[in-house]
Amino acid sequence: MEQCQSLTASSPPMLRNGKEVVDEIWCLLPHEVFGAIYSATPNTFRELFGTPAELEQFWAEMARTAAEAGEGRRANEHRAWLQRHPTGWAAASHRVPMGMHGDAGQMQGGEKVTVLSWGGLSRKGTTMDTRILFTVIKNSEMAGGFATLHRCFEVLAWSFGQLAKGTRPASDELGMVYGPDHDPERARLAGTPLAPAPDGNLLGAWCELRGDWEFLRDALNLTHHYGPGDRICHLCSASRSEGPMWYGDLSRGALHRGTLVGPFPAGQRAWASNAPTSPLCRLPGFSVWRCMFDCMHTLDLGVLQRCVPAALQGLAGLPHGKSTKRAEPPVWPGGQKETRLQLATADYLDWAIKTRVPSSSRVKKSPKDGSQGGGR
Ligand SMILES: [Zn+2]
């Protein structure tokens, strides 16, 4: 495939049979995939990356959010990022917003692999339909110290640099100029536009990086992350321990709100990135504010673990934490809280069966009340 490239020039260190060797990883270069799809199937290109109207709508929405965000560091950083984006000179209808995604998945036999992908952001769709693969690496073959992963990021950042320009490069990711002896086909295409629309060249604008906390930690070499340490956020000094910086303080005056990271690079490097700095920091338009957790990890595996039990407490008429407010009348009858919780679980299981949602919950048989549940 023309858009397939091996990282042979400075192939990454890999672990093979426990030994560190320099080997190849194959990847699909985003700028070449972008160009190939445009020239081969313009309809698919628009389905993946958006019509001119959709692109305009995306940037108008970003500008509206920035204008309405009010004051505060988060709002200021969003405005600054939008204003200073290196692709900002181009017309909105020609700037394709793009996101990168990384996560570990499991192959057959439980073998873990890291999947790096990217895609357009102006269209909504399923993962299957919107994400484009960059590369897949077996975790067991990654060399220590992020060497393998960060070598892949160097190529990814370089390719996104080409997307931001909208043209094909004259040299490879190491700066070696293409020529008769070094990739003559790429030499022939050097300087040509990736996606020459009739009214101007289209280009790609990096807008976000998503992944779970583990991926973001490794990808950005974060000092603050949701690992075992006390400082758990890459954007502020929120702490796990219940001191003055406790992350669970959601009030407007919470102290951690005053510790949000400043402008990139100086304000962010201090705690966002260890040495060596991740190659992703060289992405055109990079800001650590645009590096976010997946919804699934934030909601399903994150706040919902607290919100759902809190909602259940409320519905079952149990007081919330230290609150002195009288609980609302319970939805389920029964004097004992165990009885009400069992009825709630039974209701939930009925709902799960009717809507075919898999559930591992069980209703425990109460010693006092044999009529309830019984391990359904
Ligand atoms: Zn934070």
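Reader: Where is Asp 183 in the chain?

Author: Asp 183 sits in the loop between H6 and helix H7 (184–189). Bear in mind that this is a predicted model.

Reader: What about phi of Asp 183?

Author: Asp 183 is not a glycine, but has a positive phi of about 60°. Most residues other than glycine have a negative phi.

Reader: Is Asp 183 exposed or partly exposed?

Author: Asp 183 counts as partly exposed, because it has 18 C-beta neighbours inside 10 Å, and 20 or more would be needed for buried.

Reader: Now Asn 221. What is its phi near?

Author: Phi of Asn 221 is near 55°, which is positive, and this residue is other than glycine too.

Reader: Which loop holds Asn 221?

Author: The loop between helix H8 (213–220) and helix H9 (266–272).

Reader: And why does Asn 221 count as it does, buried or exposed?

Author: Asn 221 counts as buried because 22 C-beta neighbours lie inside 10 Å; the cut-off is 20 or more.

Reader: Change of topic. How many residues are in the largest nonpolar core, and which touch the most other members?

Author: There are 57 residues in the largest nonpolar core, and Leu 156, Ala 219 and Leu 280 touch the most other members.

Reader: Which helix gives the most to this core?

Author: Helix H6 (residues 147–165), with 10 residues.

Reader: What about H3 and H4? How do their axes cross?

Author: The axes of helix H3 (residues 52–68) and helix H4 (residues 73–84) cross at roughly 145° and come within 8 Å. The crossing is left-handed.

Reader: Which residues make the contact?

Author: From H3, Met 62, Ala 63 and Ala 66; from H4, His 78, Arg 79 and Leu 82. By class, that contact has 4 nonpolar, 1 polar and 1 charged residues.

Reader: Last, the whole chain. How many helices and strands?

Author: The chain has 11 helices and 10 strands.

Reader: What share of the residues counts as buried?

Author: Of the chain's 376 residues, 28% count as buried.

Reader: And what share of contacts joins residues at least 24 apart?

Author: That share is 56% among contacts in the chain between residues at least 6 apart in sequence.

Notes: Residues are numbered from 1 along each chain as its sequence is written. This is a predicted model: local features need pLDDT of at least 70, side-chain atom pairs count only at pLDDT 80 or more; totals for chains, interfaces and linings use all residues. A nonpolar core is a set of buried Ala, Val, Leu, Ile, Met, Phe, Trp, Tyr and Cys residues joined through C-beta atoms within 7 Å. A residue is buried if 20 or more other C-beta atoms lie within 10 Å of its own, exposed if 12 or fewer, and partly exposed in between; C-beta atoms are placed from the backbone. Helices (H or I, at least four residues) and strands (E, at least two) are DSSP runs, numbered from the N terminus. Axes are lines fitted to C-alpha atoms, for helices over the stretch in contact, and angles run from 0 to 180 degrees between N-to-C directions. A crossing is left-handed if the near helix is turned anticlockwise from the far one by less than a right angle, and right-handed if clockwise. Two residues are in contact if their C-beta atoms, placed from the backbone, lie within 7 Å. Ala, Val, Leu, Ile, Met, Phe, Trp, Tyr, Cys and Pro count as nonpolar, Asp, Glu, Lys and Arg as charged, and the others, Gly among them, as polar.
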